[in-house]
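Visitor: I have a model open and would like to learn how to read it feature by feature. Could you walk me through it?

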Amino acid sequence: MYRKKSKPELKEVPLKIIVPIKQVPESSNVKMDPETGTVIRAGIETVVNPLDLYALEAALRLKEQYGGTITALSMGPPQAMRVLKEAVSMGCDDAVLVSDRKFSGADTHATSYTLAQAVKAIGAFDAVITGERATDGDTAQVGPGIAAWLGLPIATYVSKIDAFKDGRIQLERLVEEGYQLLSVPVPCLISVVKAVATPRLPTLEGKIRSMNLQIPAYNTENLDLNAEYLGLKGSPTKVVKIETPKITRNGKIVQITDDLSLSAAVDELMDLLDKKGVLP
Ligand SMILES: Cc1cc2nc3c(=O)[nH]c(=O)nc-3n(C[C@H](O)[C@H](O)[C@H](O)COP(=O)(O)OP(=O)(O)OC[C@H]3O[C@@H](n4cnc5c(N)ncnc54)[C@H](O)[C@@H]3O)c2cc1C
């Protein structure tokens, strides 16, 4: 007999989720300015950090299960508005851009401080869900940094979000030899890995909504900020020098023309590897 699936019970107070999304260069071949030690962004197309799409998908699934709203949050230049619009076209309810010249040159300490202050300004929330890491900076420090600034419990490398119950989120966290089952009280910060869910595509309805949505911008005028923690000046990490290692291979070419030279070549190569100490 066909039975209509019953809808999951919605939580009395809907979940409020914030998803920080970074705008990154489309190419994985990111170049650094050797003089300033910063990323060369001129002339590079930018996209949503691919790993943040998994965070967004995890948030959307929680919202579908328990009800609530999702706010996408990005710190970057005005062009970062584009990645926020994309997040809205995928199902985010609203978005906030954090942008000010005084934020430029921020390291992960300054970035996570500024984002944490923006999270506070957004208001009460249940969870901040971040990607595992950004494909350009690649430190995976910003999520834990936001949690530290806000004094939130944190679960990193989350591969599955099971349920939200009694003010706690039940989840699975990847560890080297398996996974841990955790029950984390809200509000909390979660950073997810790809296994958490496959990101959906934007919808036409979402695209139309994103075109019409007014996205507020937070800056040094309307955020409560300590100027000492902002931008390059507030960044304890200093890039001393950046260089691309030169790879010089002292190659040896062994020519093979017939069976005899094949066997001689194998002997020669084995001898070479033995001399280099590569063979057991
Ligand atoms: C000395 C120094 C100078 C730097 N100068 C510059 C500079 O001039 N210009 C510049 O663009 N970068 C600069 N950077 C890089 C910048 O600090 C990092 O890109 C940034 O702090 C984020 O770190 P990450 O890319 O390692 O993110 P990760 O920690 O790997 O990201 C983890 C997760 O945090 C969230 N997240 C990270 N960054 C953001 C963001 N901006 N908005 C929303 N969510 C985010 C995402 O969910 C992401 O998946 C500098 C870094 C250093 C160390």
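This is a predicted model: local features need pLDDT of at least 70, side-chain atom pairs count only at pLDDT 80 or more; totals for chains, interfaces and linings use all residues.

Guide: The largest nonpolar core has 43 residues, and Leu 56, Ile 129, Ile 190 and Val 192 have the most contacts inside it.

Visitor: Which helix gives the largest share of this core?

Guide: Helix α1, residues 52–66, with 9 residues. The general idea is that in soluble globular proteins nonpolar side chains tend to be buried together.

Visitor: What does Val 192 touch, not counting residues up to four places away in sequence?

Guide: On one list you get Tyr 54, Ala 55, Ala 58, Ile 129, Thr 130, Gly 131, Glu 132 and Val 158. Apart from this core lies another one, of 23 residues, with Leu 73, Leu 115, Ala 116 and Ile 146 among them.

Visitor: Ile 146 makes me curious about its helix. Which residues of α4 are buried?

Guide: Gly 143, Gly 145, Ile 146, Ala 147 and Leu 150 are buried there. The buried residues of α4 pack against β1 (15–20), α3, β6, β7 and β10. Just after α4, Gly 151 takes a positive phi of about 65 degrees.

Visitor: Now the ligand. Which residues come nearest to it?

Guide: There are 29 residues around the ligand, and Lys 22, Arg 41, Asp 52, Ala 106 and Thr 139 come nearest. By class, that shell has 10 nonpolar, 12 polar and 7 charged residues.

Visitor: Which polar backbone atoms sit by ligand oxygens, say for Asp 107, Gly 137 and Val 142?

Guide: Take them one by one. A polar backbone atom of Asp 107 is 3.4 Å from an oxygen atom of the ligand. For Gly 137, a polar backbone atom is also 3.4 Å from a ligand oxygen. With Val 142, the distance from a polar backbone atom to an oxygen of the ligand is 2.8 Å.

Visitor: How much of the ligand's accessible area does the protein cover?

Guide: On its own the ligand has 940 Å² of accessible area, and the protein covers 87% of that. As for elements, β4 (68–75) and α3 (108–122) are the ones that give two or more residues to the shell.

Visitor: Where is Tyr 157 found, and what is its phi?

Guide: Tyr 157 is in strand β7, residues 154–165. Phi of Tyr 157 is near 50 degrees, again a positive value in a residue other than glycine. With a relative accessible area of 38%, Tyr 157 is partly exposed.

Visitor: Which residues does a cis peptide bond join?

Guide: Val 186 and Pro 187, with omega about 0 degrees. Pro 187 lies in the loop between β9 (178–185) and β10 (188–192).

Technical notes. Residues are numbered from 1 along each chain as its sequence is written. Side-chain values use heavy atoms; hydrogens and water are left out. A residue is near a molecule or strand if one of its heavy atoms lies within 4 Å of it. A polar contact is a pair of N or O atoms within 3.5 Å; within protein, one must be able to donate a hydrogen and the other to accept it, and residues adjacent in sequence count only if both atoms are side-chain atoms. Accessible areas come from the Shrake-Rupley method with a 1.4 Å probe; for residues, only the protein chains shown count as cover. Helices (H or I, at least four residues) and strands (E, at least two) are DSSP runs, numbered from the N terminus. Ala, Val, Leu, Ile, Met, Phe, Trp, Tyr, Cys and Pro count as nonpolar, Asp, Glu, Lys and Arg as charged, and the others, Gly among them, as polar. A nonpolar core is a set of buried Ala, Val, Leu, Ile, Met, Phe, Trp, Tyr and Cys residues joined through side-chain atoms within 4.5 Å. Buried means under 20% relative accessible area, exposed over 50%, partly exposed in between (1.4 Å probe, protein chains only). Contact means heavy atoms within 4.5 Å.
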